[in-house]
Every structure is written in structure tokens, then in C-alpha cells.
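Subject: Structure handover

Hello,

Please read them with the model open.

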Amino acid sequence: MSAQVQSKGRVYLLPLIAVSLSIASCTGDHRNIKHISIVGAGASFPAPLYERWLSDYNQKNPNVEINYQAIGSSAGVQQLIEGTVDFAASDVGITSEQAAKIKRGVIALPITAGSIVLAYNLRQFAQQSPQVNVPTTLRLPRQVYVDIFLGKITNWNHPRIAAANPGVSLPDLPIQVVHRTDGSGATSVLTQHLSAISPEWKRKLGAGKAVAWQVGIGGKGNEGVTALIQQIPGAIGYVEYVYAKQNKLPVAALENKSGNYITPTPKSVAQTLEKVKLPANNLIAFITDPTDAQSYPVVTYSWLLTYHQYPNRVKAQVLKKFVDWVVIEGQKSSLELGYIPLSKKVVLQVQSAVNKIAE
């Protein structure tokens with residue numbers, strides 16, 4: 001699947017994922033298998049993995065139609081609150097205030113995990129200028145990437161970027177910041193990290209699914225930001241790792257709290273996740289600035305949000321069976337696509353939580 005969208009100025013949405021799944025009727029009589037439709041919406045972060053899961057699950061279970069639309073974490077949670085979807089996906093889970101608005105109750109299930117990366121586009125300029133020597137992975141110190149997003153560092157050959165990349169000839173090219181325009185879990189995860197490492201960022205912009213960006217241009221969804229980075233020489237923006245991977249965009253090695261420059265690899269991301277303690281009451285937690293020497297600093301789970309109660313018993317059964325499949329068989333697709341498989345401990349927590357869905 002390509003995450004790229006071809007034109008600027010349009011609404012950036014992943015294609016509607018419509019596949020068929022199946023479940024036996026509540027009597028357990030396979031002669032009475034029912035056709036039923038389930039609708040979900042939310043984060044674009046896990047959408048490529050959701051597409052794979054739904055396709056694989058369809059091959060074994062052809063009688064229940066599930067539609068998932070990647071419209072952003074904020075919009076997905078809002079649709080869950082309004083009752084217009086059967087499940088949502090969010091990269092920041094759900095707040096207690098939002099959950100209180102859902103009379104049917106809500107259950108947050110960490111379903112996959114990954115990293116938010118800073119992807120950039122210097123390839124075109126490097127190809128046109130033999131004097132420019134740009135590595136596939138630039139090193140960005142903590143305060144440097146904060147100041148890029150604050151608009152205080154505006155050129156790629158800035159002395160502070162050059163100092164972190166000795167032997168590299170950086171282009172005399174303006175930095176073009178690209179950010180999300182929609183309410184985004186990726187924005188929340190990144191800005192929580194920026195707030196944790198920079199008092200100035202915390203004071204001026206703070207953390208949230210949408211902030212008042214002081215510089216840059218916006219795209220909708222991970223796919224929108226990815227497309228703009230590809231189109232704009234000198235661009236830098238934040239996307240979920242799989243979008244950079246699929247579109248062959250270089251990503252920065254970020255300085256972590258220990259002073260090491262870390263690239264987002266399965267090992268460095270898993271190292272961060274190991275330190276995340278998911279509370280038993282809602283399974284939602286973050287580490288905004290990991291201390292482990294080899295941890296990549298911007299990492300998050302992505303949550304599948306279900307209702308606690310479903311008037312339609314078969315829908316409850318479908319979702320239970322699907323989640324059970326996802327946390328075992330579905331995790332096998334994670335690394336191939338650029339996501340991090342759930343640990344055995346988290347799998348057990350999810351299996352326990354999903355059993356609370358009332359039929």
C-alpha cells in the first residue's frame with residue numbers, strides 16, 4: 001500500500017478499508033452464520049497495519065464486513081462519543097473526560113506500537129549539487145529539533161546542525177517545516193516529548209492533538225504530511241515510521257536523554273516500550289522522555305477503542321474474536337510493516353480487557 005497522496009490541498013485520507021470477516025451466530029450453529037457490518041474510524045498511524053490485518057483475517061472469515069477510515073485520532077474518538085462507529089483507533093487512547101461522555105462505556109486496548117520520526121527531504125538538492133554530502137541519517141540534537149519546530153533554526157547549514165554532523169556538507173537551503181492540520185495522536189505524542197525536553201516549547205505551545213504551530217505548512221494525516229515532505233525540497237516533518245519507510249524518506253537520528261543519537265529501529269523502540277507501565281484500569285500510559293541509553297525518544301502505543309456494551313450481541317462477539325486474533329496472529333505482520341509487536345505481558349493485559357466487552 002502506498003501512503004502517498006498525489007495532490008496538495010485535498011483531503012488526505014487513506015482509502016476506505018472494506019473487507020469481510022466472519023463469526024458464527026450466538027447459538028454457535030455454523031449453519032446460521034450471519035452477515036453483519038462493523039464500522040471503525042480514527043488514527044492514520046496504524047492504518048497500514050489495520051489494512052493488512054483486515055485482509056488476512058478476511059481470508060479465514062468472510063461473512064462480516066468491517067470498514068475502517070483513517071481520519072485522525074481526534075475525529076475517531078469524537079465519532080465514538082457520538083455513537084456513529086462501532087470502534088475507534090487513537091494514538092493517545094482516550095481521556096477520562098471523553099470517556100465520561102460515552103454512556104455505553106469504553107475499553108482502551110493497546111493494539112500495536114511504533115515510533116514518530118522526523119523525516120526530511122534533501123535528496124533532490126544533494127543530487128543536483130556534487131559539493132553537498134548528505135548522509136541517509138542526519139543527527140539532530142534535542143535542542144536543535146525543538147528550535148527547528150519553533151522556527152529559530154531556519155536553514156539546513158546552520159552551525160548547530162553542522163556541529164552534530166562532522167564531515168557532512170549540508171546545503172544552504174531553507175528548512176520547510178511540515179506538520180499536521182488535523183487533530184492527531186502523532187502531534188500529541190511529539191508535543192508531549194517536546195514539552196518534556198524544552199521549557200520554552202511547553203510555555204509557548206504545550207502538548208496536544210492540535211497546537212498553534214508558529215512555522216510551517218500543514219497536511220492532513222500521516223499520508224498528507226508524507227506527501228508534502230516528498231514534494232518540498234528542504235522539508236522536515238513528523239510521521240509514523242512506516243510512512244517514511246514505505247516512501248523511502250530518510251529519518252533523523254535523535255539525541256535522547258542520555259546524549260546518544262538513536263535511530264528508530266525495532267530494538268530501540270522496544271527498549272522504550274519496555275519501560276512503559278500500563279495501568280490495569282485503562283491500559284493507557286506514555287513515556288515522554290525515556291532515560292534508557294539506547295531508547296529512541298518518541299514512541300507510542302496505538303489503541304483500539306471499543307464500547308463496553310453493545311446492543312448487538314454479534315458485534316460484541318466479532319470484536320472480541322478479531323482482537324484475540326490480532327494480538328496473537330496479527331502481531332506477526334508488525335515488524336514487516338515497521339510496527340513493534342506487543343510484548344507477552346501486554347498481550348495478556350489486552351486479552352483480559354477485551355473479555356470485559358459485555359454481550
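To begin with the aromatic side chains, ring pairs join Tyr50, Trp53, Tyr68 and Phe87 into a cluster. Please keep in mind that this is a predicted model. The count of aromatic pairs comes to 15. In one of these, the ring centres of Phe45 and Tyr339 lie 6.1 Å apart with the planes at 55°, so the pair is tilted. Phe45 sits in the loop between strand E2 (36-42) and helix H1 (47-60), and Tyr339 in the loop between helix H13 (334-337) and H14, so the pair ties together parts that are 294 residues apart in sequence. Phe45 is buried, at a relative accessible area of 0%. Tyr339 is buried too, with a relative accessible area of 0%.

The charged end of Arg104 sits over the ring of Tyr307, 3.7 Å from its centre. The charged end of Arg104 also sits over the ring of Tyr310, at 5.3 Å from the centre of that ring.

Next, the salt bridges. Side chains of opposite charge can pair when their charged atoms come close. The structure holds nine salt bridges. In one of them, the side chains of Lys152 and Glu200 meet at 3.0 Å, N to O. This pair links distant parts of the chain, 48 residues apart: Lys152 is in the loop between helix H5 (142-150) and helix H6 (159-164), while Glu200 is in helix H8 (residues 199-204). Which of the two is buried and which is partly exposed? Lys152 is partly exposed, with a relative accessible area of 46%. Glu200 has a relative accessible area of 16% and counts as buried, because that value is under 20%.

Lys204 forms a salt bridge with Glu200, and the closest N and O atoms are 2.7 Å apart. Lys204 and Glu200 are four residues apart in helix H8, so about one helical turn separates them. Lys204 counts as partly exposed, at 44% relative accessibility. Salt bridges with shared partners therefore join Lys152, Glu200 and Lys204 into one network.

Another salt bridge is formed by the side chains of Arg180 and Asp182, at 2.8 Å from N to O. Both Arg180 and Asp182 are buried.

Rolling a probe the size of a water molecule over the atoms shows where empty space is left. The count is three cavities of 30 Å³ or more.

The largest cavity has a volume of about 60 Å³. Its lining consists of Val189, Gln192, His193, Phe286, Ile287, Thr288, Pro297, Val298 and Val299. Helix H7 (residues 185-197) gives the most to this lining, with three residues. By class, the lining of the largest cavity has six nonpolar, three polar and no charged residues.

The second largest cavity has a volume of about 40 Å³. Around it are Thr272, Leu273, Val276, Ala285, Phe286, Ile287, Val299, Thr300 and Tyr301. Helix H11 (266-273) and strand E12 (299-307) each supply at least two residues of that lining, and the largest share, three residues, comes from E12. The lining of the second largest cavity has seven nonpolar, two polar and no charged residues.

Helix H3 (96-99), strand E5 (106-120) and helix H14 (344-354) each supply at least two residues of the lining of the largest pocket. Nine of the lining residues are nonpolar, seven are polar and one is charged.

The second largest pocket has a volume of about 250 Å³. Of the 14 residues that line it, Leu273, Glu274, Tyr301, Ser343 and Val346 lie nearest the centre. H11 and H14 each supply at least two residues of this lining, with the largest share, three residues, coming from H14. The lining of the second largest pocket divides into nine nonpolar, two polar and three charged residues.

Regards

Key:
Residues are numbered from 1 along each chain as its sequence is written. This is a predicted model: local features need pLDDT of at least 70, side-chain atom pairs count only at pLDDT 80 or more; totals for chains, interfaces and linings use all residues. Side-chain values use heavy atoms; hydrogens and water are left out. On a 1 Å grid over the protein atoms alone, a cavity is a set of points where a 1.4 Å probe fits but cannot get out, and a pocket is an open set with protein on both sides within 12 Å along at least five of seven lines; lining residues have an atom within 4 Å of a point. Grid points are joined across faces, edges and corners, and a volume is the space filled by probe spheres set on the points. Ala, Val, Leu, Ile, Met, Phe, Trp, Tyr, Cys and Pro count as nonpolar, Asp, Glu, Lys and Arg as charged, and the others, Gly among them, as polar. A salt bridge is a side-chain nitrogen of Lys or Arg within 4 Å of a carboxyl oxygen of Asp or Glu. Buried means under 20% relative accessible area, exposed over 50%, partly exposed in between (1.4 Å probe, protein chains only). Rings of Phe, Tyr and Trp (its six-membered ring) pair if their centres lie within 6.5 Å; planes under 30 degrees apart count as stacked, over 60 as edge-to-face and the rest as tilted. A charge sits over a ring if NZ of Lys or CZ of Arg is within 6 Å of the ring centre and within 35 degrees of the ring normal.
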